[in-house]
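This report describes one protein model for a reader who has not seen it before. Please look at the sequence and the structure first, then read on.

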Amino acid sequence: MRFVWRQIPPDRVNHEFLWLSVSVAALVGGAIWLGLGLPSWRCPFLSVTGYPCLTCGATRCSMALFHGDFSIAWSWNPLALIALCGVALFDLYAVVVLLARLPRLRVIDWTTAEANAVRIGVIGLIAVNWIYLLAHHARY
Ligand SMILES: [Zn+2]
């Protein structure tokens, strides 16, 4: 696995622009939704089983994060907080490389072992987070 900075040919997908646009659209859409006072929906998994799904608490985590309360955000859904911080870092990176027309960061030449280690790590994080949510299911 190697990290490289390289220019992206015009015929390739501009991931920085694409995913920055998606995250900004989601942020604006969420702000409009909340600004209009529209109701939040109840999680169907929670309604059926009585237990939180993998993403339960993510909306409340987001709202706590936007109010600057990291500990409350962490308590609602730790993995959602980590993901939101990762999206914020990615968006910052994307704005910089897009405005400055800089080379893009890419991770290349993954070995099978490296790819599997990342997959297992991600699945492990999701599992540990879900165990946390299940242990605190009474609050959802
Ligand atoms: Zn849920």
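How many disulfides does a search of the whole structure find? The model is a predicted one, and the search finds zero disulfides in it. A disulfide is a covalent bond between the sulfur atoms of two cysteines. In the case of C85, the closest cysteine sulfur belongs to C61 and is 8.1 Å away, too far for a bond.

**The zinc site**

The zinc ion has C43 (SG), C53 (SG) and C56 (SG) as its protein donors, at 2.1 to 2.2 Å. Their spacing in sequence is C-x9-C-x2-C.

| Residue | Relative accessible area | Class |
|---|---|---|
| C43 | 16% | buried |
| C53 | 15% | buried |
| C56 | 6% | buried |
| C85 | 29% | partly exposed |

**Helix α1**

Helix α1 covers residues 15-35, which is 21 residues. At 1.5 Å a residue the helix should span 30 Å, and its end C-alpha atoms lie 29 Å apart, in agreement with that value.

Which residues of α1 are buried? They are E16, L20 and S23. Viewed down the helix axis, the buried residues of α1 fall within an arc of 70°, so they line one face of the helix. An α-helix has 3.6 residues a turn, so residues three or four places apart point the same way. Among the elements covering the buried residues of α1 are α5 (78-100) and β2 (104-108). On the face turned away from the buried side, α1 carries the exposed residues F17 and A26. After α1 comes G37, which has a positive phi, near 70°.

**The chain as a whole**

The protein chain contains six helices and two strands, and along the sequence they follow the pattern β-α-α-α-α-α-β-α. The radius of gyration is 18 Å, well over the 14 Å given by the globule rule for 140 residues, so the chain is more spread out than a compact globule. The C-alpha trace spans about 50 × 40 × 25 Å along its principal axes.

Of the 140 residues, 23% count as buried. Among contacts with a separation of 6 or more, 66% come from residues 24 or more positions apart.

How values were computed:
Residues are numbered from 1 along each chain as its sequence is written. This is a predicted model: local features need pLDDT of at least 70, side-chain atom pairs count only at pLDDT 80 or more; totals for chains, interfaces and linings use all residues. Side-chain values use heavy atoms; hydrogens and water are left out. Helices (H or I, at least four residues) and strands (E, at least two) are DSSP runs, numbered from the N terminus. The expected span of a helix is 1.5 Å times one less than its number of residues. Buried means under 20% relative accessible area, exposed over 50%, partly exposed in between (1.4 Å probe, protein chains only). The arc is that of the directions from the helix axis to the C-beta atoms. Contact means heavy atoms within 4.5 Å. A disulfide is a pair of cysteine sulfur atoms within 2.5 Å. Donors are N, O and S atoms within 2.8 Å of the metal (3.2 Å for Na, K and Ca); water is not among the atoms, so sites may look incomplete. The radius of gyration is taken over C-alpha atoms; the globule rule is 2.2 Å times the number of residues to the power 0.38.
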